[in-house]
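Welcome, and thanks for taking a look. Please open the model below and keep it beside you as you read this short briefing.

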Amino acid sequence: MRVALLSTPTRTNSINSVPPFGLLYLVSYVRTKGHIVTIIDIARTRQDNGETIKQLKDFNPDLIGISGIITAYRFIKKLVPDIKRSFKVPLVIGGHVTLDTDEILIKKMGFDYVVHGYGEIKLAYLIEYLEGKRGIKSIPGISYLKKDAIVINPGDLFFKHIDECPLPAYDLIDMNYYIKSYDTKEHLGKYLEKTGKQAPPKMYSFLVIGARGCTDECSFCIHEFGGYKGFRVHSLDYIMDNIRLLYDRYGVRIFTIGEELFIYSVHQTSKFVDAMNKNFPDAYFEAATRADFISDNLMKVLSNSNCYLLGFGFESGSDTILKMLNKRTTKEINVNAYKLISKTSIMPAVTFMVGTPGETKQTIDETIYAIKEANILEGGIFFTTPYPGSRLFRWCVENKYIIDVDEYLEKISNHDASTLQFKFTPFPDIVVSMMYIKIKNAMYKNRKNNGRACKIAFKNFIVEQCLFPILFELYFFARRNKNNTLNYILNSKETVMLLSDCKKKEGEPI
Ligand code: B12
């Protein structure tokens, strides 16, 4: 069968710098079954729909598959009618945009099949079904329409061991673009300065999928329910083969080991570090972990390697908020982890979440205090946003905080979480934005105290560092005795209860 797979932009005004890994793995597996597959990487080319239709016509597919995360929702909604007008072949969708969206994707947009979770075997089976070689019921984890009703085949289907999937089909994307587009210069530069190590001759960098999923089930994340649940790690040999291919064929010397969690134990890390030191002594790498996996021993092991950056989600300095996020860490664990990384030459990278249910002036003050205590100089800050597939999203829908899902998905399309899209707190938008600024200021203050502050525009200084902090204090002072504060506290308790009560959907793949 001839299969055309399309990537979609996560954000239309900035070209993707991360390759469409989902498609690269789907291709590598489906090709082993003898099918002819192409990728139209719209996330990179940003071509218009006319060009996509033209390329599809040239390829003449028997099946068209679209991949996307939820921020591509609006883009996909506009693309599908154009495809459907020109092609009568089955239209399949996969990726994170399929989380909690069956009804819209099938009934409103007209997809024939929705593939949930990891799709390699499911897509291969679907092709077999379309070729008349198996029944549709034998494909777990897909949805489709039968007599006007959506059927969700229960269960899930993935490799017994994740290594069974061949290495990604790098040959089908513009590797020359991707190895140059992922910017690691700043952090690596700082690391090289600190250690006196040599910069690689070319700053070619690339992401290597070392593991999929997560050990945990945070309430804002997709790993609690359905096909993306669980943590699957590639063997060291598989990862080394992957790195070897990128190193030899594409000249990559800087590796980000992903998806989102890779380092989970001292034992695993020492094996990985030994292999990197032995096989790729001139290559550098960064990886992500959780605060509770970071220890003195782990840092000793990593210090003996070319690891230039270690990241983790700090999220908040308030134990109340961390509990709400089901993060399974505490402020103390977070602060400790950051301090442990800071003692080495490795750059710490953390992210924060602002505006979580239960966020108040007090929890923001706690976060600011934690930033001070850990001496955090930089970090990404994001507004807590309910993304489909997470407990937070389901709770919002169940409790009617999100009523029109389609309208909501249109709204969050094309944005990242550094803009406020959804308000969980009873405070006005401007106050929630001030929370963001307060956290930003706390890191700026640390940089200043460490002699590392950069200049900021006078206007920003007046607004963000003088005006906002005063207004913030005034606002909370003014509402200190208001009834709505009390209601809010009650609501927060209710929030905790409701969040822990959120149910799994019936028939959902487990
Ligand atoms: C790399 C990455 C990015 C990249 C780009 C991703 C891309 N290619 O579009 C960047 C850095 C740009 C990014 C940005 C953001 N991301 Co991001 N990102 C990831 C990450 C870490 C890895 C994705 C990946 O490559 N996985 C590896 C491949 C092999 O797996 P896969 O993509 O899931 O593909 C498999 C299946 O999904 C399925 N499949 C996929 N496509 C298709 C198509 C067909 C036809 C079929 C049959 C099957 C199928 O089969 C594939 C093979 O098994 C994921 C985390 C995760 N666990 O997936 C988050 C994730 C996708 N991101 C997420 C979010 C929320 C964001 C942001 C909004 C975050 C923010 N802070 O603002 C921004 C978007 C900003 C914007 N609008 O610009 C969420 C998405 C939630 C959702 N419901 O959609 C995720 C899941 C993180 C999470 N744990 O919640 N992200």
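What follows is a short tour of the domains, their interface, the salt bridges and the aromatic pairs.

This is a predicted model, in which local features need pLDDT of at least 70 and side-chain atom pairs count only at pLDDT 80 or more, while totals for chains, interfaces and linings use all residues. Residues are numbered from 1 along each chain as its sequence is written, and side-chain values use heavy atoms, with hydrogens and water left out.

**Domains**

- The protein splits into domain 1 (2–163) and domain 2 (182–501), with bounds taken from an automatic or database domain assignment.
- Taken over C-alpha atoms, the centres of domain 1 and domain 2 are 30 Å apart.

**The interface**

- Contact (heavy atoms within 4.5 Å) involves 29 residues of domain 1 and 32 residues of domain 2.
- Between them, domain 1 and domain 2 bury about 3,000 Å², 57% of it on carbon and sulfur atoms; buried area is the accessible area (1.4 Å probe) that two parts lose on being put together, summed over both.
- The interface of domain 1 and domain 2 has 11 residue pairs in polar contact, both residues being at pLDDT 80 or more. A polar contact is a pair of N or O atoms within 3.5 Å; within protein, one must be able to donate a hydrogen and the other to accept it, and residues adjacent in sequence count only if both atoms are side-chain atoms.
- On the side of domain 1 that touches domain 2, helix H1 (21–31), helix H4 (73–86) and helix H5 (102–108) each supply at least two residues. H4 gives the most to that side, with three residues. Helices here are DSSP runs (H or I, at least four residues) and strands likewise (E, at least two), numbered from the N terminus.

**Salt bridges**

- The structure holds 29 salt bridges, each a side-chain nitrogen of Lys or Arg within 4 Å of a carboxyl oxygen of Asp or Glu.
- Glu-410 pairs with Lys-77 in this way, their closest N and O atoms being 2.8 Å apart. Glu-410 lies in helix H16 (residues 405–412) and Lys-77 in helix H4, so the pair ties together parts that are 333 residues apart in sequence.
- Five salt bridges cross the interface of domain 1 and domain 2.
- Glu-120 and Arg-212 also form a salt bridge through their side chains (2.8 Å, N to O).

**Aromatic pairs**

- There are 27 aromatic pairs, counted where ring centres of Phe, Tyr and Trp (its six-membered ring) lie within 6.5 Å; planes under 30 degrees apart are stacked, over 60 edge-to-face and the rest tilted.
- Tyr-113 and Tyr-144 make a tilted pair, 6.4 Å centre to centre with 50° between the planes. Since Tyr-113 lies in strand S5 (residues 113–115) and Tyr-144 in strand S6 (residues 142–146), the pair ties together parts 31 residues apart in sequence.
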